[in-house]
Amino acid sequence: MNSGGPWSSPKLAQARVLGIQRKLHKWSIDDQDRRFDDLHNLVCDPATLMVAWHRVRANRGSRSAGVDGQTARYIEQVLGVEKFLDGLREELRSGSFRPLPVKERLIPKRGGTKKFRRLGVPALRDRVVQAVLKLVLEPIFEADFKPCSYGYRPGRRTQDAIAEIHYLTSRSYEWIVEGDIKACFDELSHSAILDRVRRRIADRRVLALIKAFLKAGIMTEQGRLQGTVTGTPQGGLCAAAHNDPYEQRWVMRSVRLDLLLRAGLTAERCA
């Protein structure tokens, strides 16, 4: 695929990205063993960056700054969107892009348990690159998912899974098994994630970007930089993305739920 060119309007950029995604998805479906080795040019494509920016900008989280203190409004009013995207694109093309540590935020859990949910707020520039990766990788890995899978998938919601459960239990199914992976985002194995990605992705520059996000670290509320040996902080786009294209069974393996995995694979349906 050809990439490059000047910045286009959001509408034209969206149309171009949708065309790219359709091709990637078709190629992924047509060849289940295909490994994609030329994706970095799509990551640097102006249209992909433009669509990623608008998706990040439309999110309420764009008002929250990461460790660099920049919000979407600051980029629009001070830096300029095209100048911001030009700089980001040049960093990606040259290989000099490095994700910043995410900013830690501890949110009290419901129920008065005195427990906290650990969220990570990435810098806005990092959120845009994460959104770019999601735009490029999602149509490839979507081809590998089963119809009964609903988590973190485009066009699917929790309500859809509930509706299927209701449909099945209103007929022949009698049991519902609910499970939860304790501290899932904290315990994700980086090597397991990357091994799964390599099954479909052979582009070393894209793999290096994913690894860089996994290893970016966390700036704690006390101002200390904490390395990330395992896991990925909740709060950024990659938190969902790391649970999406790499499939639930690999997440289970990464937290040593092999027995549950074997039992789960024997089930006819899961939601």
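Two bridges join strand β3 (residues 218-219) to β4, and the two strands run antiparallel; within this pairing, Ile218 stands opposite Gln226 in β4. Strands are DSSP runs of E with at least two residues, helices are runs of H or I with at least four, both numbered from the N terminus, and two strands pair if DSSP finds at least two bridges between them. The model is a predicted one, in which local features need pLDDT of at least 70 and side-chain atom pairs count only at pLDDT 80 or more, while totals for chains, interfaces and linings use all residues. Residues are numbered from 1 along each chain as its sequence is written, and side-chain values use heavy atoms, with hydrogens and water left out.

The open sheet has four strands in the order β2-β1-β3-β4, with mixed pairing; its edge strands, β2 (116-121) and β4 (225-226), each pair on one side only. The chain has 13 helices and four strands, and 42% of its 271 residues count as buried (under 20% relative accessible area, against over 50% for exposed and partly exposed in between, with a 1.4 Å probe and protein chains only).

In helix α5 (residues 81-94), the buried residues are Phe84, Leu85, Leu88, Arg89 and Leu92. Seen down the axis of α5, these residues fall within an arc of 130 degrees (taken from the directions from the helix axis to the C-beta atoms), so they line one face of the helix. On the other side of α5, Lys83 and Arg93 are exposed. The elements that cover the buried residues, by contact (heavy atoms within 4.5 Å), include those tabulated here.

| Helix covering α5 | Residues |
|---|---|
| α2 | 40-43 |
| α3 | 46-58 |
| α4 | 72-79 |
| α6 | 124-142 |
| α10 | 204-214 |

Gly95, which follows α5, has a positive phi near 85 degrees.
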